[in-house]
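Dear colleague,

I am passing on a structure that you have not worked with before, and I would be glad if you could look through it beside the notes below.

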Amino acid sequence: MVYTMLCYRCGVEIRDEEYVDHVVRCPLVTEVLCPVCRKRVPMGTVLTHIIEYHLGLTTTCPLCRKRFRKTREVLPHLREHFVLEQREGGVSKYICTLCGRVFTTKRAALVHVLKFHEKEE
Ligand SMILES: [Zn+2]
Ligand SMILES: [Zn+2]
Ligand SMILES: [Zn+2]
Ligand SMILES: [Zn+2]
């Protein structure tokens, strides 16, 4: 199944397999468009914004429309949208697309997203 995703940095619609390449090249900006409602929100708080305004009781990922059986399964999945894997010479690194920090494991990157980007200002 091919998904299209909105780049949360520039708002352009991109096919899933091109998403990583695109977002890595898309410059970090201070304000981004919410991929769901297109409202401008400060970079780094877009995940908090999505959780607050677009998650609620839905069982559908607001970004890729993937469906889940339980509402609590959506957030762990949503978090993964903001971690990009980049392979370089056979070694993977994981980038937090909200602040550009780089991690050696996906797990570390996801914990970082949870701790730093899901809080109220
Ligand atoms: Zn973009
Ligand atoms: Zn929104
Ligand atoms: Zn999704
Ligand atoms: Zn981050």
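Which residues does Val 36 touch, not counting residues up to four places away in sequence? With that limit in place, Val 36 touches Ile 50, His 54 and Pro 62. Please bear in mind throughout that this is a predicted model.

Val 36 itself sits in the loop between strand S3 (31–33) and strand S4 (40–42). It counts as partly exposed because 16 C-beta neighbours lie inside 10 Å, and a residue would need 20 or more to be buried. Gly 11 is 25 residues away from Val 36 in sequence, while the two are 9.7 Å apart in space, C-alpha to C-alpha.

As for the chain as a whole, the protein has four helices and seven strands, and reading along the sequence gives the pattern β-β-α-β-β-α-α-β-β-β-α. For 121 residues, a compact globule would have a radius of gyration near 14 Å, and the 14 Å of the protein chain agrees with this. Taken along the principal axes, the C-alpha atoms fill a box of roughly 40 × 30 × 30 Å. Buried residues make up 16% of the 121 residues, and of the contacts between residues at least 6 apart in sequence, 32% join residues at least 24 apart.

On confidence, the mean pLDDT of the protein chain is 86, and 96% of its residues reach 70 or more. Among the elements, strand S1 (residues 4–6) has the lowest mean pLDDT, 74, whereas helix H4 (residues 106–117) has the highest, 95.

S5 (residues 83–88) and S6 (residues 91–96) run antiparallel and are joined by six bridges, and Leu 84 stands opposite Ile 95 in S6. These two strands form a hairpin with two residues between them, and Gly 89 in the turn has a positive phi of about 55 degrees. S6 also pairs in the antiparallel sense with S7 (residues 102–103), over two bridges, and here the bridge partner of Tyr 94 is Phe 103 in S7. S6 and S7 likewise form a hairpin, with five residues between them, in whose turn Gly 100 has a positive phi of about 85 degrees.

Finally, there is helix H4. Which of its residues are buried? In H4, Ala 109, Val 113 and His 117 are buried. These three cover an arc of only 45 degrees around the axis, which means that they lie on the same side of H4. An α-helix has 3.6 residues a turn, so residues three or four places apart point the same way. On the other side of H4, Arg 107 and Lys 115 are exposed, while the buried residues of H4 pack against H2, H3, S5, S6 and S7.

With best wishes

Key. Residues are numbered from 1 along each chain as its sequence is written. Chains are lettered from A and ligands numbered from 1 in the order in which they are written. This is a predicted model: local features need pLDDT of at least 70, side-chain atom pairs count only at pLDDT 80 or more; totals for chains, interfaces and linings use all residues. Two strands pair if DSSP finds at least two bridges between them. pLDDT is the predictor's confidence in each residue, from 0 to 100. A residue is buried if 20 or more other C-beta atoms lie within 10 Å of its own, exposed if 12 or fewer, and partly exposed in between; C-beta atoms are placed from the backbone. Two residues are in contact if their C-beta atoms, placed from the backbone, lie within 7 Å. The radius of gyration is taken over C-alpha atoms; the globule rule is 2.2 Å times the number of residues to the power 0.38. The arc is that of the directions from the helix axis to the C-beta atoms.
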